[in-house]
Amino acid sequence: MEFEQQLESMHEQFRELMGFVAKMTEENHSLQLENHHLRTRLEELSETTETLNEQQPVEKPRKIDIGEGVDNLARIYNEGYHVCNVHYGSSRKGEDCLFCLSFLSKQHA
């Protein structure tokens, strides 16, 4: 009797395991199809980009004015965000930050 119960328990575990394997096989197949579609789409986009790059003339790199970056940081600081390396991007909550002010004063000097 005990042997039959163990056998039934093992049979139930085997059925659960087979269901899990079937589910994983379906998911694997689905992911393989999605991967194939994404690779195909990536190849199409790469070919389109190459074609566009060949058609457009090469532009000279734009010289960036360093003062422009400092002005942008000052604007961000005035909008209420930190620009220092300690708290960069977090909200100042209306309080001045000595790190930010020190950084900005160094950049303007």
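1. Nonpolar surface patch. Leu17, Phe20, Val21 and Met24 form a nonpolar surface patch of about 360 Å². A patch of this kind is built from residues with over 30% relative accessible area and no salt bridge, where nonpolar side chains (Val, Leu, Ile, Met, Phe, Trp, Tyr) are joined within 5 Å and like charges within 9 Å. Phe20 belongs to helix α1, which covers residues 2-55. With a relative accessible area of 49%, Phe20 is partly exposed; buried means under 20%, exposed over 50%, and partly exposed in between, for a 1.4 Å probe and protein chains only.

2. Basis of the model. The structure is a predicted model, in which local features need pLDDT of at least 70 and side-chain atom pairs count only at pLDDT 80 or more, while totals for chains, interfaces and linings use all residues. Residues are numbered from 1 along each chain as its sequence is written, and side-chain values use heavy atoms, with hydrogens and water left out.

3. Overall architecture. The protein has 3 helices and 0 strands, and its elements follow the order α-α-α from the N terminus. Helices (H or I, at least four residues) and strands (E, at least two) are DSSP runs, numbered from the N terminus. Of the 109 residues, 11% count as buried. The accessible surface comes to about 10,100 Å², and 56% of that surface belongs to carbon and sulfur atoms; the areas come from the Shrake-Rupley method with a 1.4 Å probe, and for residues only the protein chains shown count as cover. Among contacts (heavy atoms within 4.5 Å) with a separation of 6 or more, 22% are between residues 24 or more positions apart.

4. The largest nonpolar core. The largest nonpolar core holds 8 residues: Leu73, Ala74, Tyr77, Val83, Cys84, Cys97, Cys100 and Leu104. Two or more of these residues come from each of α2 (66-78) and α3 (98-108), and α2 contributes the most, with 3 residues. A nonpolar core is defined as a set of buried Ala, Val, Leu, Ile, Met, Phe, Trp, Tyr and Cys residues joined through side-chain atoms within 4.5 Å. Beyond its neighbours within four places in sequence, Leu104 is in contact with Val70, Leu73, Ala74, Tyr77 and Val83.

5. His82 in the loop. His82 is located in the loop between α2 and α3. Its relative accessibility of 11% places His82 in the buried class. Leaving out residues up to four places away in sequence, His82 touches His87, Tyr88, Gly89, Ser90, Ser91, Arg92, Cys97 and Cys100.

6. Arg92 in the loop. Arg92 also lies in the loop between α2 and α3, and at 10% relative accessibility it counts as buried. A polar atom of the Arg92 side chain lies 2.7 Å from the backbone oxygen of Tyr77, and a polar atom of that side chain lies 2.8 Å from the backbone oxygen of Glu95. A polar contact is a pair of N or O atoms within 3.5 Å; within protein, one must be able to donate a hydrogen and the other to accept it, and residues adjacent in sequence count only if both atoms are side-chain atoms. Residues up to four places away in sequence aside, Arg92 touches Tyr77, Asn78, Gly80, Tyr81 and His82.

7. Salt bridges. The whole structure contains 4 salt bridges, each being a side-chain nitrogen of Lys or Arg within 4 Å of a carboxyl oxygen of Asp or Glu. Side chains of opposite charge can pair when their charged atoms come close. One of the bridges joins Glu12 and Arg15 (2.4 Å, N to O). Because Glu12 and Arg15 are 3 residues apart in helix α1, about one helical turn separates them. Glu12 is partly exposed at 34% relative accessibility, and Arg15 is partly exposed at 45%. A further bridge links Arg75 and Glu79 (3.1 Å, N to O), and Arg75 is partly exposed, with a relative accessible area of 43%.

8. Glu44 and its partners. The side chains of Arg41 and Glu44 meet in a salt bridge at 3.5 Å, N to O. About one helical turn lies between Arg41 and Glu44, because they are 3 residues apart in helix α1. Arg41 is partly exposed at 46% relative accessibility, as is Glu44 at 39%. The backbone oxygen of Glu44 is reached by the side chain of Thr48 at 2.9 Å. Thr48 is placed in helix α1 and is partly exposed, with 43% relative accessibility.
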